[in-house]
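Please have the sequence and the model open side by side. The report below goes through helix packing, the core, the sheets and a few single residues.

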Amino acid sequence: MAQVLAQLYEHGSPQSLALVVLLFLVAMRLAMPRSRAEKLLSKLPSPPFRLPVIGHLHLVGPLPHRSLRDLARWHGPDVMLLRLGTVPTLVVSSPRAAKAVLRTHDHVFASRPRSAVADVLFYGSTDVAFAPYGEYWRQTRKVVTTHLLTPRKVRCSRAAREQEVRLALARVRDAAAARTAVDLSELFSFFANDVVCQAVTGRLPREQGRNKLFRDLLETNAKLLGGFNLDDYFPSLAGLNVVSAKAVKHRKRWDNLLDSLIDKHVRKTVTDEHEEDFIDVLLSVQQEYSLTRDNIKAILMDMFEAGTDTTYIALDFAMAELMRNPKTMAKLQAEVRRCAGKGKEIVTEEDLSSMSYLKAVMKESMRLHAPGPLLIPHFSMAECDVEGYTIPSGTRVILNVWALGRDPTCWESAEEFMPERFMEEAMDAASDLQGNDFRLLPFGSGRRMCPGINFTTATFETILANLIYHFNWEIPPGTTGIDMTESYGMDVHRKEKLLVVPCVAQDV
Ligand code: HEM
């Protein structure tokens, strides 16, 4: 059967494929008795208009965070069940339900659903982000949180970050001198990529032109992981593995690159002068944690995958919001220039600690524009009660943190960009980005929370403060404003480039 489907997928029309899939699934469904899980799921609120085979997939538009929020309003403001293909998916859309899933029952919901593409790309999902909950995940997560992304490590990589800031500033100065617009989306993307490359692999990549290769590889990763993967919604058709076949080819390219980098690190002598990068660290703890070479490669890929696009997207949205809100931009500029003082070649990370408005800008931008608006899907490992419903074991769970951030019952003027809301003392203390405020979860919360938050904060604040300190910014003449249209891939980013004209600030 799988072979027939594979041939149809390659050569047949979409209609003939849909018909055969329909018959296959209906036959399977009829052959199965109604399970306890099915009975529990049928009690959950769920939209009508469910179609055979695809279930509710047709209700999920090109911007899923938005269509899920709209569906939840009508059919389940706290929790709602969608049938995405054959996969029952719980959608969580209120802070109370998010707290139940990520705090009260964190231990139950801390696994990940299987993804055929992630299995291929991440060496059997032996990275951190896609690994199912269990001893292996616990150990690799410990490697990442206690050896790679600790506050001390983030502080140590400060010189490398500042070096990347200098290079970015030089590019902007050239544009300012020529009075041309800078593509800040591209600048942020290169910057985030270069910062992560430096931290992970040391100085090798840039010198050998490899940063661009990493960017290309990550772009294909995003296409493979973010696209419509038949396997994710119809796991019983796992034989029909066209996307996975592409992923196998792509993984080979990663293999070549990562193997050569690891080999170079293995060959490095102790007298080589360099700052310890992530590859050095992973090699040094390899035995202690019984990591295979494939495990190391999977963890390295995670660092690139999880750390690069998210950071660039966060910066791009923040700057776009500042350009749309000149008063906020002026207020931030005043703070940065006051705290850093006059005549600085570069605003350093020491200067950042007193910039409370900058921190409020980051929170507010992440509230409105979480780069991963639906987190990474969670997966329940046991039966458990949430908001009065029993959720069966084996349910895929999506947390719509984008909807939480814009919930008008939780936030005053929820759709407006107002960093001031985080300047009130009580609000500032209650609303950190550390997963304690269940209305504000761009990094998630609980066991699966992002371990890269310190790294991100340092990267985000350094470049933004420097761009704001050294330059005044204008929208290019002849354009009407900043287009905030979104595009959904693996993350949600702005669709259009952020083109803005820099002018060197004379009074700093
Ligand atoms: C703006 C920047 C970033 C954002 C918004 C972000 C957001 C997230 C989110 C939403 C998750 C999933 C949480 C969940 O499923 O509950 C996650 C997981 C993860 N992030 Fe980040 N992240 C960012 C930067 C980084 C960086 C810089 C790194 C590392 C260099 C990183 C490494 C990871 C890893 C390894 C995981 C998987 C955690 C696990 O499954 O246990 N992230 N991140």
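## A helix pair

H10 passes H23 in a right-handed crossing. A crossing is right-handed if the near helix is turned clockwise from the far one by less than a right angle, and left-handed if anticlockwise. H10 covers residues 158-178 and H23 covers residues 453-470. The contact uses Arg161, Glu162, Val165, Ala168, Leu169 and Val172 of H10. From H23 come Ala458, Thr459, Thr462, Ile463, Asn466, Leu467 and His470. Two residues are in contact if their C-beta atoms, placed from the backbone, lie within 7 Å. By class, seven of the contact residues are nonpolar, four polar and two charged. Here Ala, Val, Leu, Ile, Met, Phe, Trp, Tyr, Cys and Pro count as nonpolar, Asp, Glu, Lys and Arg as charged, and the others, Gly among them, as polar.

Two packed helices are described by the angle between their axes and the distance between the axes. For H10 and H23 the angle is about 35 degrees, and the axes are 10 Å apart. Axes are lines fitted to C-alpha atoms, for helices over the stretch in contact, and angles run from 0 to 180 degrees between N-to-C directions.

## Model and overview

This is a predicted model, in which local features need pLDDT of at least 70, side-chain atom pairs count only at pLDDT 80 or more, and totals for chains, interfaces and linings use all residues. Residues are numbered from 1 along each chain as its sequence is written.

The protein has 23 helices and 11 strands. Both are DSSP runs numbered from the N terminus: helices are H or I with at least four residues, strands are E with at least two. Of the 508 residues, 43% are buried. Buried means that 20 or more other C-beta atoms lie within 10 Å of the residue's own; exposed means 12 or fewer, partly exposed is in between, and C-beta atoms are placed from the backbone. Among contacts with a separation of 6 or more, 72% join residues 24 or more positions apart.

## The nonpolar core

The largest nonpolar core holds 123 residues. Such a core is a set of buried Ala, Val, Leu, Ile, Met, Phe, Trp, Tyr and Cys residues joined through C-beta atoms within 7 Å. Val92, Val101 and Leu300 touch the most other members. Helix H17 (residues 293-324) gives the largest share, 17 residues.

What does valine 101 contact, leaving aside its neighbours within four places in sequence? Its partners are Val92, Phe109, Val386, Val397 and Leu399.

## The four-stranded sheet

Four strands form an open, mixed sheet in the order S1-S2-S7-S4. Strands pair if DSSP finds at least two bridges between them. S1 (79-84) and S4 (378-379) are the edge strands, each pairing on one side only.

S1 and S2 (residues 87-92) run antiparallel, joined by six bridges. Methionine 80 stands opposite valine 91, and leucine 81 opposite leucine 90. Five of the six residues of S1 are buried, so S1 is largely enclosed by the rest of the structure.

## The three-stranded sheet

A second open sheet has the order S3-S11-S8 and antiparallel pairing. S3 (182-183) and S8 stand at its edges with a single partner strand each, so one side of each lacks a neighbour in the sheet. H10 packs on this sheet and touches S3, S8 and S11. The direction of H10 makes about 85 degrees with that of S11.

Four bridges join S8 (residues 471-474) to S11 (residues 499-504). Phenylalanine 471 has valine 504 as its bridge partner, and asparagine 472 has cysteine 503. Side chains alternate along S8.

Glutamate 387 lies in the loop between S5 (384-386) and S6 (389-391). Its phi is positive, near 50 degrees. Glutamate 387 is partly exposed, with 17 other C-beta atoms within 10 Å. Serine 413 also has a positive phi, about 40 degrees, although it is not a glycine. Serine 413 is exposed, with 9 other C-beta atoms within 10 Å.

Lysine 223 is found in helix H13 (residues 210-226). The C-alpha atoms of lysine 223 and glycine 489 are separated by 7.0 Å, yet the residues are 266 apart along the chain.
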